[in-house]
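I opened this notebook to record what I looked up in one structure.

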Amino acid sequence: MTYKQFMTVIVKLTFPFVYFCFMANSDAADDLPFLQAGGEMAELIRGFNWAGTSLGPLSLWPPALKIITALLLSSRFPMLLCWGPDYIQLYNDAFRPVNGRDKHPKALGSSARETYAEIWETIGPMFEAVMRGESFGFPDFNVRLERNGYPEDCYFDFSYSPLTDEQGMIRGILVICKETTEKVRAIDEQSSLAEEMTAMNEELAAANEEYTAINEELIATNEELHQHQEQLRASLESVARSERLFKSIALNIPRSLIIVIGPDHRFLTIEGDLMTRMGYDSRDYQGKHPLEVGPAERYEASRHLYDQVLAGETFSVERKGATGEDFIVHFVPLKNERDEVYAGLIIALDITAIRQAEEKSARLAAIVESSADAIISKTFDSVITSWNQGAERMFGYTEAEMIGETIYKLIPPERHDEEPRILARLKDGHRVEHFDTQRLTKDGRLLEVSLSISPVKDPQGRIIGLSKIARDITERKLDEQRKNDFIGMVSHELKTPLTSLGAIIQVADAKLRQSEDTFLAGAMQKAIIQIKRMTGMINGFLNISRLESGKIQIDKAHFDLQELIEEMIAESELTISSHTIRFQGCGAVRILADRDKMASVLTNLISNAVKYSPKGKLIEVSCEVNDRSVQISVRDQGMGIKPNDLPHVFDRYYRVSTTHTQHISGFGIGLYLSAEIIRHHGGDIWAESQSGAGSTFYFSLPLVE
Ligand code: ADP
């Protein structure tokens, strides 16, 4: 059913009822029964001055108009009736809102043409068409009404249908309508909302996509950031490490100053124990320009060097310190991976000690070179590492011929065993001094040399080699030989008359012993003692000359050492009354040795103990037998020997010269001869002493089966 059909049905359904009302009261026209439906509009219609309109007074209205008015007023649907050519309007209560507050109630009794002037263009032609018999009906028909003080888009479901009078003439128009503005607006709003929603949705989707993209980007950026942060952390750590390393390097290089400058000459770092000595106080220099923290002159003096290093140059300069120190300053450009200089590293080192050492070694080198002695250094493998001109002159080999060669080239084959013995002593850190031996020259001559060999140590005290000074003692040896020959000859010549003298005095002693002249009897005894002393001395000299010329004779035989000691003590006691000699024996000890020479060693030690200790003191002789040797000691309570004299008392002709000893006669040969005799027996001899607290002389001899 169309809208129009629907409206027609409504009219048709309501018409009989309206017609009935109208007809039922037709007799009481004054009561205007067609207005009985009541309501505001019925009242207004009733009160309206219709006479002033083309409709004329109510009572004169044609029945058709009345019927339709009654229908209109009784309808709950909004209805408007436009009658006559002026379209004079009547409408019901339900129609009032359509007219709004501007058009209601003005519209009542006035022309629709006026009331709806603003939309007449639209509805005017339709009205005219209805007046010609047409009907119209539209749903949600849009008109722009001005009914509440402003133009308003209004929508209506409506029907325009012609109204005829009793004669069937078309006299007016019935408008039945229902405002759908709210609905249309709601639909519009909904659709615009929907559109908006769609747009928003689309926007949202786009935004979402963008968001996803941004999110992805963010994740990527985040990852990158994380990586950067990691890198940053790693580089910070490495910077911190480098800084720590740098500082520890700077602090651990003694007498150094390390500076790093930036491209603008500002100090990035400055470290080292030379800071104050090089004119830098303890200020915080980091990030400061040299002009901010130090005197301008210092900066001016270094400025061109800073420029030079920052220009990529590596170089070093030497500087003299205020108090004469020598500094070397190294300039090193620091470059990045693109080979661009980003900083300058300046390392200043105090080389005063090195300079002094260089000067010292230059002086030493000059001394070594000019020395008449051969000064040679060698390794522990006996390989020669240096060879001075003295060595060249002495041995005839040039430096080039000897560097890298073995020292054995200089040692006569029969003395090859000397070298290992010397090395063994040196390895213990000892020096070997004045070791008299022979060496071979390039032209095959045998040279008499005195060697002094000492270990060469590095600054840490490790032995890294040996230095050897060889002195040509051929001349000295010849002199000694001549002297020895002379001593030997003199001693020999003296010995014969002395022996005769001794024999004569002994005979005289025997004869004079019973003499009444007590002086003569005693004098002979004293003369015998002096002759014995003199014989001892001459024997000593003879022995020396024999020893020196290698002619000393050792006649070994088995005998009891304890017996010999007792004998020697008894003999000494004959001539010594000033000291007490005590013997601590060890029982019979058989040894294989030269008895006479052992006797002279013992006599020498006992007579020294007597000579170098005051009268009345005790002399203790003792004998001790060990596993493989026997050890004899002679202890006195005398003046003792100072530590620096002690190692020399066994040297030939060595005598300690003090105020105490100057009145004690001697030649310094007794201990020398004793030591030589003991060594010829494969034994050892040594002394222990404290100045002022006595001395003990020891010797030991190997025990043989
Ligand atoms: P000398 O004939 O001078 O005694 P020696 O060779 O016997 O010669 O002794 C060398 C030096 O050793 C002596 O001059 C002396 O200074 C010192 N000397 C030796 N024995 C003793 C001792 N028992 N007490 C102190 N000094 C001693």
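The entries below cover the ligand, the backbone and the cysteines.

**Entry 1: ground rules**

I noted that this is a predicted model, in which local features need pLDDT of at least 70, side-chain atom pairs count only at pLDDT 80 or more, and totals for chains, interfaces and linings use all residues. Residues are numbered from 1 along each chain as its sequence is written, and side-chain values use heavy atoms, with hydrogens and water left out.

**Entry 2: the ligand**

I asked how many residues surround the ligand. I found 18, and the closest are Asn-608, Tyr-612, Asp-636, Arg-655 and Leu-671.

I then looked up which elements supply the shell. Helix H17 (595-611), helix H18 (670-680) and strand E22 (695-702) each give at least two residues to it. Helices (H or I, at least four residues) and strands (E, at least two) are DSSP runs, numbered from the N terminus.

Next I listed polar contacts, meaning pairs of N or O atoms within 3.5 Å; within protein, one atom must be able to donate a hydrogen and the other to accept it, and residues adjacent in sequence count only if both atoms are side-chain atoms. An N or O atom in the side chain of Tyr-612 is 2.8 Å from an oxygen atom of the ligand. For a polar side-chain atom of Lys-611, the distance to a ligand oxygen atom is 3.0 Å. Val-656 takes part through a polar backbone atom, 3.2 Å from an oxygen atom of the ligand. The ligand taken alone exposes 520 Å², of which the protein buries 97%. Such areas come from the Shrake-Rupley method with a 1.4 Å probe; for residues, only the protein chains shown count as cover.

**Entry 3: the backbone**

I recalled that most residues other than glycine have a negative phi, and most peptide bonds are trans. I recorded a cis peptide bond between His-104 and Pro-105, with omega about 5 degrees. Pro-105 sits in the loop between helix H4 (96-103) and helix H5 (112-115).

Ser-382 is not a glycine, yet its phi is positive, about 70 degrees. Ser-382 lies in the loop between strand E11 (374-378) and strand E12 (384-387). Is Ser-382 buried or exposed? I found it buried, at 3% relative accessible area; buried means under 20%, exposed over 50%, and partly exposed in between (1.4 Å probe, protein chains only).

Tyr-653 also has a positive phi, near 60 degrees. Tyr-653 is in the loop between strand E20 (629-635) and H18, and is partly exposed at 29%.

**Entry 4: the cysteines**

A search of the whole structure gave 1 disulfide, defined as a pair of cysteine sulfur atoms within 2.5 Å. The disulfide joins Cys-586 to Cys-623, with 1.8 Å from S to S. The torsion about its S-S bond is about 50 degrees, so the disulfide is right-handed. Cys-586 is partly exposed at 23%, whereas Cys-623 is buried at 5%.

Cys-154 is buried at 0%, and Cys-177 is buried at 3%.

Terms used
Near = heavy atom within 4 Å.
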